[in-house]
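Dear colleague,

Please find below the structure that I am handing over to you.

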Amino acid sequence: MVRRNDERRAALVDAAIEVLAREGARGLTFRAVDTEAGVPGGTASNYFANRDDLLTQAGARVYERYQPDEATVARTETAGRDRETYAQLMRELVERVASFRTGYLALLELRLEAVRRPELRKVLTERIRADVEANVAYHEQSGLPGDATAVRLLILTLNWLIFEQLTLPDLYPAEDRDALVTAAVDRIVGGSAGPEGA
């Protein structure tokens, strides 16, 4: 029987993220999650139907934790609609993702595991597609410069920048990151005109 204590479930999923990031998908066992969460052995098996359920929920939890807080959303809604504002939003996004290092590494492990698990691949594809489309829809409603293709190109570009920063941190020092994000926005958005003629 799967238990319903939401706080305990969230703690277990957060522990699974840490295990995934540190030990990879092969190291993700219910026992390892119990140990990481500091709970009695057998606890995780009471909360998740199977390992696939745990993997799927770990991926969903990473995306949940990447969401901006209410203050950031409110500030974004009242910000300008030019390329500099767009670049600032992207710099903040990259910082938010990079600051949850284990979450991003866990997602990379999930993607590798999805190569071997068709059901996980299906879930991840649906989740990531929905995330991309939500970003495109937000962008189109926001009045920021650029089109849907620019949004998708920025997602691809910034994901790789984050990947490099988290896996080979000496390749592009952190102090270069903001300049690279700004350059990506400038070059990808290019001469697209927003409502303010940016």
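Which residues are linked in a network of salt bridges? The network consists of Arg51, Asp52, Glu113, Arg116 and Arg117. A salt bridge here is a side-chain nitrogen of Lys or Arg within 4 Å of a carboxyl oxygen of Asp or Glu.

Before the details, a word on the source. This is a predicted model, in which local features need pLDDT of at least 70 and side-chain atom pairs count only at pLDDT 80 or more, while totals for chains, interfaces and linings use all residues. Residues are numbered from 1 along each chain as its sequence is written, and side-chain values use heavy atoms, with hydrogens and water left out.

Salt bridges

The structure holds 13 salt bridges. One of them joins Arg116 to Glu113, with 3.2 Å from N to O. These two residues are three positions apart in helix 7, so about one helical turn separates them. Helices are DSSP runs (H or I, at least four residues), numbered from the N terminus. Arg116 is exposed, at 51% relative accessible area, whereas Glu113 is buried, at 8%. The terms are set as follows: buried is under 20% relative accessible area, exposed is over 50%, and partly exposed lies in between (1.4 Å probe, protein chains only).

Between Glu92 and Arg75, the closest N and O atoms are 3.1 Å apart; Glu92 belongs to helix 6 and Arg75 to helix 5, 17 residues apart. Arg75 is partly exposed, with a value of 41%. Arg152 and Glu133 meet at 3.0 Å, N to O, and this pair connects helix 9, which holds Arg152, with helix 8, which holds Glu133, across 19 residues. Both partners are partly exposed: Arg152 at 33% and Glu133 at 37%.

Aromatic rings

The structure holds two aromatic pairs. One of these is formed by Tyr66 and Phe100, edge-to-face, at 5.6 Å centre to centre and 70° between the planes. Because Tyr66 lies in helix 4 and Phe100 in the loop between helix 6 and helix 7, the pair ties together parts 34 residues apart in sequence. Rings of Phe, Tyr and Trp (its six-membered ring) count as a pair if their centres lie within 6.5 Å; planes under 30 degrees apart are stacked, over 60 edge-to-face, and the rest tilted. Tyr66 is buried at 9%, and Phe100 is buried at 10%.

The ring of Phe100 also has the charged end of Arg65 over it, 3.9 Å from its centre. Likewise, Arg9 lies over the face of Phe48, at 5.3 Å from the ring centre. Such a contact requires NZ of Lys or CZ of Arg within 6 Å of the ring centre and within 35 degrees of the ring normal.

The largest pocket

Of its 39 lining residues, the closest to the centre are Leu93, Asp131, Val132, Asn135 and Ile155. On a 1 Å grid over the protein atoms alone, a pocket is an open set of points where a 1.4 Å probe fits, with protein on both sides within 12 Å along at least five of seven lines; lining residues have an atom within 4 Å of a point. Helix 8 gives the largest share of the lining, 10 residues.

Yours sincerely
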